[in-house]
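Please read it beside the sequence and the structure shown here.

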Amino acid sequence: MSPQIETDEHKALRAAVAALGAKYGRDYITRTIAEGRPPTELWQEAGKLGYLGVNLPEEHGGGGGGIAELSIVLEELGAAGSPLLMLVVSPAICGTVIARFGTDQQKRAWLPALSDGTRLMAFGITEPDAGSNSHRITTTARRDPASGDWLLTGRKVFISGVDMADAVLIVGRTEDARTGRLKPCLFIVPTDAEGFQKRPIDMELSAAEKQFELTLDDVRLPADALVGDEDAGLLQLFAGLNPERIMTAAFAIGMGRYALSKAIGYARDRTVWKTPIGAHQAIAHPLAQAHIDLELARLMMQKAAHLYDAGDDIGAGEAANMAKYAAGEACVRAVDQAVHTLGGNGLTREFGLASLITAARVARIAPVSREMILNYVSHQTLGLPKSY
């Protein structure tokens, strides 16, 4: 199947999720933000309808699809004004890693619950001194020789949705007994574990999902908290990071579509000198360009999802980075043009676009900055030398 052509099943999924998004809409998300709580009702209903786990294996309660299907879910919810940011984290990153590398017990314990929304998992990789450079992660895990337990110590920042989560998939490092070097490993850490502390970060970003700083002080974990092979950390880590980039693209495209739809409706209705402002090319052309940019970003996102679901991790890595870059840029431009189209109304609470100015920047910054993506493409794709 060409990655640019959606199947009838994909079209049906889009329509069904769009209907769910319309049922909640932007007003619901705005209300949850004002009340300082996560979008629990939408999350639970999406779980009951099978949308949260469309990418997870059928034998563990999922839909048996892939990131292509999950990206449709997030994009359409975003286009309706009610995106679920934790779709990027819980089923896309954590669910994918556990499905690919987890033990049978971990799969039984987590995948059905992640699929139906009864449990949720956050993802902890970023640290105060390790943002884009994951090689500088200092959260370390050491074995207790007496019990075989792991003891995990470190700090994490900008971890989404910890207040909603039952556990956090933490990226730590263990010492290689042969070389003494630290190597990345993944651990399932319950949020109620002794020594696990969370502190909300005061953000100007208006989002239903909060950001947290985590402190892990000798958090004791059983031996089976380790996900996958202790010697395959990078492979397992990047198995989750490619879906993260694809889903961030879906998040950005959905937001851009929502903003654009508001601007188009306003440009059709707002009349100046007996003519709708959308008839003027100064208004119409930038909106048309924003639409084109979003569509082009969606095509790259679909290509990335297609490659990833086909098992081409290397090809998916390049495409996922490009999709995330293109979608982030398209989203920022679409939101900016939408606000500009509405003029002063674009800055009012009534129209609900101003808060997206900050939110749109997320897709440029996280989970990897646009500059680091340009580094990736220049080094990996173009073969240019590194400056670092």
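In this predicted model, the axes of helix H8 (residues 313–342) and H9 come within 8 Å and cross at roughly 165°. An angle over 145 degrees counts as roughly antiparallel, and H8 is therefore roughly antiparallel to H9. The crossing of these two helices, H8 and H9, is left-handed.

**H8 against H9**

- On the H8 side, the contact is made by Lys-324, Gly-328, Glu-329, Cys-331, Val-332, Val-335 and Val-339.
- On the H9 side, the contact residues are Leu-356, Ile-357, Ala-360, Arg-361, Ala-363, Arg-364 and Ile-365.
- Sorted by class, the contact of H8 with H9 has nine nonpolar, one polar and four charged residues.

- Helix H9 spans residues 354–365, and its buried residues include Leu-356, Ala-359, Ala-360, Ala-363 and Arg-364.
- These residues lie on the same side of H9, because they cover an arc of only 165° around the axis.
- An α-helix has 3.6 residues a turn, so residues three or four places apart point the same way.
- Pro-367 is located in the loop between H9 and helix H10 (370–381).
- The peptide bond from Ala-366 to Pro-367 is cis, and its omega is near -5°.

**H1 against H2**

- Helix H1 (residues 8–35) and helix H2 (residues 40–48) have axes that come within 11 Å and cross at roughly 165°.
- This angle makes H1 roughly antiparallel to H2.
- H1 and H2 cross in a left-handed sense.
- H1 contributes Leu-20, Lys-23, Tyr-24 and Tyr-28 to the contact, while H2 contributes Thr-40, Glu-41, Leu-42, Glu-45 and Ala-46.
- The residues of the contact of H1 with H2 comprise five nonpolar, one polar and three charged.

**H1 against H3**

- The axes of H1 and helix H3 (residues 67–79) come within 8 Å, with a crossing angle of roughly 35°.
- The crossing of H1 and H3 is right-handed.
- From H1, the residues in contact are His-10, Leu-13, Arg-14, Val-17, Ala-18, Leu-20 and Gly-21.
- From H3, the residues in contact are Ala-68, Glu-69, Ile-72, Val-73, Glu-75, Glu-76 and Leu-77.
- The residues of the contact of H1 with H3 comprise eight nonpolar, two polar and four charged.

- Leu-114 sits in helix H5 (residues 104–116).
- Leu-114 counts as buried because its relative accessibility is 0%.
- Leaving aside neighbours within four places in sequence, Leu-114 is in contact with Leu-52, Leu-56, Ser-90, Gly-95, Arg-119, Leu-120 and Met-121.
- Leu-114 and Ala-297 are 183 residues apart along the chain, and their C-alpha atoms are separated by 28 Å.

- Asp-218, a residue other than glycine, has a positive phi near 50°.
- Asp-218 belongs to strand E7 (residues 211–221), and its relative accessible area of 34% makes Asp-218 partly exposed.
- Lys-274, also a residue other than glycine, has a positive phi near 70°.
- Lys-274 lies in the loop between strand E9 (271–272) and strand E10 (275–276).
- With a relative accessible area of 81%, Lys-274 is exposed.

Conventions
Residues numbered from 1 in each chain as written. Predicted model: local features only at pLDDT ≥ 70, side-chain atom pairs only at ≥ 80, totals over all residues. Heavy atoms only, no water. Axes fitted to C-alpha atoms, helices over the stretch in contact; angles between N-to-C directions. Helix = DSSP H or I, 4+ residues; strand = E, 2+ residues; numbered from the N terminus. Parallel < 35°, antiparallel > 145°, perpendicular 65-115°, else oblique. Left-handed = near helix turned anticlockwise from the far one by under 90°. Contact = heavy atoms within 4.5 Å. Nonpolar A, V, L, I, M, F, W, Y, C, P; charged D, E, K, R; others polar. Buried < 20%, exposed > 50% of the residue type's maximum accessible area, 1.4 Å probe, protein only. Arc of directions from axis to C-beta.
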